[in-house]
Each structure stands twice: as structure tokens, then as C-alpha cells.
Amino acid sequence: MGYVFHILFALATLALVDVGWAGRVERLWALPLLALLPYAFGWLARRAFLTGRFRLGEALERALAAAPVALQLAAITSLGWMQALERWSGMHPALESWQGLELLAALAPFLVFQVLGIDARARMLTFAPGDVPAARSFQLRMFLSALVPCAAYLAASSALAHWPEWQVRFEEVGLLAAALTALTAGFFVYTMPFFLRYAWDTSPLERGWARTMLEDVQRRAGFRCRELLVWRTGQQMANAAIVGFTERTRIVFFSDLLIAQLGPRELAAVFAHELGHARRAHAAVFGAFAIGFFLCASLVVQWSGIEGSVAIGGVVLAAGLAWYLAFGFLSRRFELEADLESLRILGESGPLVRALEHVTGAHAHERSSWRHFSTRDRVAFLELAERDPVVGLKLKLRLARWRRVGFALFAVVAAVQLVELARSWQEDWLVADLRLGEFESAAERADAEGVEPELAALARLAPEVPVDARDGEALERRALEVLQAGDEERAAAYLELARLRGRTEVEPVIEAIEALPGPASAALPPQWSEALDARRNAPRGP
């Protein structure tokens, strides 16, 4: 999961391009120098661990993990990476525009720094020299398993861009975009277990004591899955996971190190813990809260009339912070609930306690993290719940309420959003028709319910333009002729049509016409400056 967040944070740096914070001065010579930074962090962390300064070593290890995103941020804001990319290829990738494979070019510094960071971590923080290749290979595989779904989405988006009509429809018609998003998300959720089955180095769990014990746990819990797999990590990670939401798609992964470290009862306890996550639908609750928070942010922007990338970014950031706090709060308590499920299935806390003490490192024994309470606190809670079942029952009741809140938030906000999208259905199609030059179709929608009067008037005017003069450049020429004839309102309307047809450089001219008889706020092409000066000097009615 860590690499997924790294990729999302790296993508978020591209939002700075939309708000104008991208550096314009190219300093690409600094990129090779910054590539040494992960190795510096790794070397310092190694020194700190070897000299017993473990907290400093952990801090430096976290800095090493964060370095690729920080260096991507520096490349965007200070080193002129986007400026160089635009100069080399003519591409100007941004989050607010149609997202395709060109985003990977914008993320190239992050991708390179992430691979270097993985190499630095393997070289500096793997203390057995023979384990370095295995550590590097495992981490690279984890990174690629997070990156490939993102790249597949961008590739599909780029493919869709080859059908400009449908690209425009999906950009403008909110309900169509929502349906496509839901289908895409459903596809990824359904296929993710099968993807990880092959993206990770896995094999079926062979017959023996481990499989016999785990199948017995399945029977007792009434749980079914598609496969039990060994996840070969090169002895790098002790973990287990259940991926998938249905019996036909659920796959259970047990890492090689986990199987090597634990005895039969302890492994059964860990499996029962993972069954608790699946049975209590923890992943679905996280998804409901995440979607709910960001749909709320979308509605706040829509209803409040907030404009400008910075203000909208602030709302999205607030939603992200709310999700971050909620995720951490619930994750720590969901771990306790999964511990209770292990206690219920096995009938004792001892095996899970021993498993936790074997698997978690010394740093996790005393200190809680964003997603987990400390091992000491989890063990204390388990032992207390074993002595007094009411303690566990109270936690389950509290979390059941949080589950209902999460699903209710998702249901209510999604329903409101769908109603809003349905209301704008006709207006969205009208705008799409105008962008595509289908002016007669747009005019037919002008009288539909929910279409703004100004947009309806523009749609009624549009069919007056001859079919062979509906490109952006021809519409701009028509607007200039109309303005020179003295009709400012129609000139602004034709310019708006030109803008919708892709000629975005006319936006300052539209603003200048709307500001008449005042001065323009930006420099304009000579022909427009002359025409606007003539209109300012022309006599006006009382």
C-alpha cells in the first residue's frame, strides 16, 4: 500500500502546474546531483542503526521513503521539469486536462528517484550482503504492482482520446463520466486479486500441516476463498492478506517469512485475524469513507461557487485531511476488531499474542503508528477481552455504528451527486454539442429544463454559423467582423463559441469585451486592440 500512496502524492504535485507554481527556469543539471540524495539518506540511516541510534535511523529511513515524492516536487517547482518537457515534446500534461500516458512523462523524475530509492534501501539497509538482490527485486516488484494499474488506466484513457467525440462527451456529460468511473473502479476491484496473483511472486500453498490447519480455520469460520497462496518475498516481509470481495475472487496470500516464523497455531491465528477484516468489510468501509469525503468536497465546490485552482485545491486538501484522520482512527480500531475475530475462532488469545510478538519489530512493540496500535496495547486489549467479553462487545458495537456512518455517508452523498448530475444532463449534452460543432443539436436542447438562459441563448445563435465556418479560427474572424460592425454582445457570443471549439486563447478578448467601455486587463492581438479601441471611442446611449 505504501507505493500506492507514493504514486498518488507524486500525481498531486502535478496540481501545482494548474495553479501556476511550476518553475519556468530550467535547472535540469541539478537532477543528477539530487539522484545521490536517496543514497545519502540510506548511508546515514545505516550508520545510525549500527551505532545504536535507532530513532534517528528510523527518521532517516522515513526520509528515504519520502525522498522520491519530495524530489518530484522539487523538479516541478524549482527545476523547470514541466518547462523542459513542453519544450522537448510539446506536451503540457496537467491534472485538470484529459489524463493519458503523457502523465507518466511528467512523473519521470519520481519514477527514476523511486527506483534509485529502492536500490539505495536494498544496498544500505539490508545488512546481510547476500540478501541485497532479493530485497531489491522484492521492492521493485511491489512498486511495479502499484504502478501498472495506474499505467493501464492512463493507457485506456489515451486510447479513448483517439475518439475525440467520445472524449468530449465524457468530459462534459457528468453522468456519463460517473458511469465510466464506476465501471472502471468495478473492473479494477474485480480483477485486482488475479492481477496480484501474477504480479507478485506466488504459488499455491502445498499440502502439509500449514494448509491443513488453515483449511480447518476456514471450515470453523464458514469462510470460502478461491486460493491459498504462498507469497515469495525473498524472506523480506512477514504478512498475510485477503484480496477480493466474493468467494469466486477472494485470494489469500501468506508471505514466506510469515510461514517460516510462525508455528501452526500462530499462523492459524493470523489467518483468523485476516478473516476478521474480510468478514467485517473493513476495506469496503474505507472505500465508502474515501468516496464520501471527496464527493462532499465536490458538492461544496459546486454549491459554494468557489472558483480558482487554489481555492478548489484547498477544499480537496481539507477532504484529504479528513479522510487521512478518519482512516487512521478506524484502521487502528479495525485491527482490534480483527484481533477479536481471531479470539472468537480459535477460542484463545495466546496464539495471536505470540504471532504479534514474533512478527512486529521492536519499534512497533512500544509505539503506535498511523494504522496500528502498538503491539503492547493490542496484547493488553486481547487479554482484557478474553477475561471480559463485554469489552470486545462494546468495541464491536461502536465500530458497527461507524460502519453505518460510512455507508450512509457514501449512499447519501452519492445519491445527491447523482441527482445533481441528472439535473444537468441536458445542459451537459448541450455544451458537448457546442464543443463538437453540432450546433443544430445544441439548439434543440436550448429549451430543455435546467439549461441556463445565457447558454440557451448561445445555443440558439449557433446554428446561424455556416457549417464550413464552425472551427475556432473562423468563429474568431466572425466575432471580429461583428464587433467592428458595433454588435458587442454577438461578438462575445461568437468568441464563446470559438472558445468551446478549442480556441482558448480568445478568453482575454472575451473579458475585454465584457469590460467595455473600460480598458482590457491583458495584452491583446493588434486587430482586437484596434477594434476594441474603436468601440471605446464610439458614442454610447444614455
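## Rings, surface and backbone

Me: Before the details, what kind of model is this?
Reply: It is a predicted model.

Me: Aromatics to start with. How many aromatic pairs does the structure hold?
Reply: It holds 25 aromatic pairs. One of them is W81 with W88: the ring centres are 5.7 Å apart and the planes are at 80 degrees, so this pair is edge-to-face.

Me: Is W81 buried or exposed?
Reply: W81 counts as buried, because its relative accessibility is 10% and the cut-off for buried is under 20%.

Me: And how are the rings of W425 and W429 arranged?
Reply: They form an edge-to-face pair, with 5.6 Å from centre to centre and 65 degrees between the planes.

Me: Where do those two sit?
Reply: Both W425 and W429 are in helix α21, residues 425–436. They are 4 residues apart, about one turn of the helix.

Me: How accessible is W425, and how accessible is W429?
Reply: W425 has a relative accessible area of 31% and is partly exposed. W429 has 15% and is buried.

Me: What does R169 contact, sequence neighbours aside?
Reply: Leaving out neighbours within four places in sequence, R169 is in contact with L176, W429, A432, D433, L436 and E438.

Me: Where is R169, and is it buried or exposed?
Reply: R169 lies in helix α10, which covers residues 164–172. It is buried, with a relative accessible area of 5%.

Me: Back to rings. Which residues form an aromatic cluster?
Reply: One cluster is made up of F5, F9, F286, W323, Y324, F327, F334 and W370.

Me: Which rings have the charged end of an arginine over them?
Reply: The charged end of R197 sits over the ring of Y198, 5.2 Å from the ring centre. The charged end of R332 sits over the ring of F373, at 5.8 Å from its centre.

Me: Surface next. Which residues form a nonpolar patch there?
Reply: F294, I312 and V316 form a nonpolar patch on the surface, and together they have about 220 Å² of accessible area. Of these residues, V316 is in helix α16, residues 309–346, and is partly exposed at 39% relative accessible area.

Me: What about L56, where is that?
Reply: L56 is in helix α5, residues 54–77. It counts as partly exposed, with 39% relative accessibility. L56 and L44 are 12 residues apart in sequence and 9.1 Å apart in space, C-alpha to C-alpha.

Me: Now the backbone. Which peptide bond is cis?
Reply: The bond from L516 to P517 is cis, with omega near 5 degrees. P517 is in the loop between α26 (507–515) and α27 (526–537).

Me: What is phi at Q235?
Reply: Phi of Q235 is near 60 degrees, a positive value in a residue other than glycine. Q235 is found in the loop between β2 (227–231) and β3 (240–243), and it is partly exposed with a relative accessible area of 42%.

Me: And phi at A281?
Reply: Phi of A281 is positive too, near 55 degrees, and this residue is likewise not glycine. A281 is in the loop between α14 (264–279) and α15 (282–304). Its relative accessible area is 26%, which means partly exposed.

Me: Why list these backbone cases at all?
Reply: Because most residues other than glycine have a negative phi, and most peptide bonds are trans.

How values were computed: Residues are numbered from 1 along each chain as its sequence is written. This is a predicted model: local features need pLDDT of at least 70, side-chain atom pairs count only at pLDDT 80 or more; totals for chains, interfaces and linings use all residues. Side-chain values use heavy atoms; hydrogens and water are left out. Rings of Phe, Tyr and Trp (its six-membered ring) pair if their centres lie within 6.5 Å; planes under 30 degrees apart count as stacked, over 60 as edge-to-face and the rest as tilted. Buried means under 20% relative accessible area, exposed over 50%, partly exposed in between (1.4 Å probe, protein chains only). A charge sits over a ring if NZ of Lys or CZ of Arg is within 6 Å of the ring centre and within 35 degrees of the ring normal. Patches are made of residues with over 30% relative accessible area and no salt bridge: like charges are joined within 9 Å, nonpolar side chains (Val, Leu, Ile, Met, Phe, Trp, Tyr) within 5 Å. Accessible areas come from the Shrake-Rupley method with a 1.4 Å probe; for residues, only the protein chains shown count as cover. A salt bridge is a side-chain nitrogen of Lys or Arg within 4 Å of a carboxyl oxygen of Asp or Glu. Contact means heavy atoms within 4.5 Å.
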